[in-house]
Amino acid sequence: MKISIVGAGYVGLIQGVGLAELGHEITLIDIDQDKVDLINKKVPPIHEQGLAEALKKVELKASTSYDSISKADVVFVCVGTPSREDGSINLDYVYSCAHSISENLDKYAVVCVKSTVLPGTTEKFGEILSESGRVFGLAHNPEFLREGTALNDFRNPDRVVVGQSDEKSGDIVARIYESFNCEKLRTSIRASEMIKYVANSFLATKISFANEVANMCENFGVDANEVWEGVALDNRINPKFLRHGAGFGGSCFPKDVKALIHASKSGGYDPLILNSVIETNELQPKRLIKLLKTLMPDVKGKKIGVLGLSFKPGTTDVREAVSLKVIDELLGEGAEVIAYDPSAMKEAKKLLGDKILFAQTLQEALERSDACLVVTEWEEIVEHDFSGFDKPLIDGRGVKKPNQSYRRIGKPF
Ligand code: NAD
């Protein structure tokens with residue numbers, strides 16, 4: 001099929017490369033000229049396992065022009081849906097590209113929103129498209145990829161959900177995923193939009209629940225790791241994501257849960273559990289500082305190493321990363337920060353500039369700091385043998401070989 005993909009970020013680029021591998025004719029459309037140039041030069045603008053090799057192998061075009069829409073059978077919408085200051089969803093990119101698509105529709109095509117949007121948004125998107133006077137199909141197809149393993153997730157999804165305005169639109173989108181060996185679900189568009197929010201909210205709830213349990217365990221003198229081992233033996237409980245630590249970050253969980261809360265409140269229902277999920281998560285990075293203070297009561301003027309900056313391992317994405325909150329707290333306490341990340345230093349420097357120091361290697365961070373906090377679960381960091389490190393080590397992620405001067409969230413001391 002001829003497929004145009006609007007938005008060549010994480011979701012759009014992975015979708016484009018993945019569909020090109022399946023033999024579809026792909027054009028990626030993005031307003032960011034630099035991104036378009038990089039993709040056309042076969043250089044991935046993002047760090048994802050296997051993406052550089054895959055991009056080199058496939059035929060795929062990128063452009064800032066919407067021309068390809070006129071010939072497309074399917075148009076996927078993968079633009080960003082960031083949070084506003086008040087937690088509500090910013091749909092400006094979505095509606096702005098709806099106008100551009102509408103101006104370029106020339107024949108029947110199915111326009112399928114992949115961006116994470118609240119129930120009702122795709123329908124409004126369709127209303128804008130209708131202004132073109134063209135006949136088109138409308139669908140929503142939520143994206144469940146995980147940054148760090150995105151291409152693999154595209155190739156081996158747990159499920160494909162297609163929300164459809166009518167049978168024909170759903171059939172066309174479903175045909176694209178025909179070769180995938182996974183559960184496939186056809187729903188209404190609103191249900192499909194909601195499925196994505198509920199999936200992310202549930203995963204975020206598991207993390208905040210795990211953190212709450214870990215915080216209680218610390219007080220009860222119980223090691224939370226032992227507790228999870230026993231809890232996970234119940235076959236009604238899936239242990240994945242029941243892992244305590246310094247909290248969740250990233251471009252999806254915080255913004256999606258907040259958007260759902262905000263929209264629900266506007267509709268007259270204030271969701272109690274989800275409010276607590278966010279509140280627990282916002283407090284969790286502070287626990288690292290609290291643990292640090294049990295070993296170093298005054299951090300003012302001390303140089304604190306922050307190990308790991310990206311919001312999770314395997315990505316350079318620092319959006320809403322826990323590291324940023326930890327760094328803010330430390331700077332607020334008058335500490336100096338020296339940070340290290342195996343991959344995300346460039347991205348972090350863009351945000352943090354000269355507010356902090358950056359170490360080129362893990363060893364340098366260890367040597368130059370008075371204490372270290374483990375914030376992101378990079379293999380290089382959690383597998384490191386810290387036994388020779390004779391300063392306070394505060395662990396938010398599960399270091400395998402700790403030192404003598406050690407505190408971990410969820411472990412009594
Ligand atoms: P991103 O910021 O990486 O990419 C969005 C891209 O859209 C950018 O390259 C931007 O330049 C482009 N863009 C903005 N306006 C445009 C326009 N009018 N025309 C063409 N291009 C335009 O975002 P992302 O992480 O890929 O997320 C996209 C959507 O998918 C969001 O709704 C997000 O919540 C959802 N999602 C993201 C992930 C993830 O892990 N990143 C996973 C699942 C779902």
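Modeller: Valine 135 belongs to the loop between H5 and E6; helices (H or I, at least four residues) and strands (E, at least two) are DSSP runs, numbered from the N terminus. The model is predicted, so local features need pLDDT of at least 70 and side-chain atom pairs count only at pLDDT 80 or more, while totals for chains, interfaces and linings use all residues. Residues are numbered from 1 along each chain as its sequence is written, and side-chain values use heavy atoms, with hydrogens and water left out.

With a relative accessibility of 61%, valine 135 counts as exposed (buried is under 20% relative accessible area, exposed over 50%, partly exposed in between, with a 1.4 Å probe and protein chains only). Leaving aside residues up to four places away in sequence, valine 135 touches Lys107, Tyr108 and Ala109, where contact means heavy atoms within 4.5 Å. Serine 192 is 57 residues from valine 135 along the chain, and the two C-alpha atoms are separated by 22 Å.

Helix H5 (residues 121-130) lies across E4, E5 and strand E6 (137-140), and runs at about 155° to E6. For such angles, axes are lines fitted to C-alpha atoms, for helices over the stretch in contact, and values run from 0 to 180 degrees between N-to-C directions. Helix H4 (residues 92-104) lies across strand E1 (2-6), strand E4 (74-77) and strand E5 (110-113), at about 165° to E4.

E6 is part of an open sheet of 8 strands with mixed pairing, in the order E3-E2-E1-E4-E5-E6-E7-E8; two strands pair if DSSP finds at least two bridges between them. The edges are strand E3 (61-63) and strand E8 (183-188), each with a single partner strand, so one side of each has no neighbour in the sheet. From one strand to the next, the twist averages 25°. At the E8 end, strand E7 (residues 159-164) pairs with E8 in the parallel sense over 6 bridges. Valine 162 is found opposite arginine 186 in E8.

Another parallel pair is formed by E9 and strand E10 (residues 336-340), joined by 5 bridges. Within that pair, glycine 305 has isoleucine 338 in E10 as its bridge partner. Strand E9 (residues 303-307) is mostly covered, with 5 of its 5 residues buried. Lys303, Gly305 and Leu307 point one way from E9, Ile304 and Val306 point the other way, and all are buried.

Two further loop positions deserve a check of the backbone. Most residues other than glycine have a negative phi. Lysine 42, although not a glycine, has a positive phi of about 70°. Lysine 42 lies in the loop between helix H2 (33-40) and helix H3 (51-57), and at 24% relative accessibility it counts as partly exposed. Phenylalanine 241, also not a glycine, has a positive phi of about 75°. The loop that holds phenylalanine 241 runs between helix H9 (224-231) and helix H10 (253-266); at 35% relative accessibility, phenylalanine 241 counts as partly exposed.
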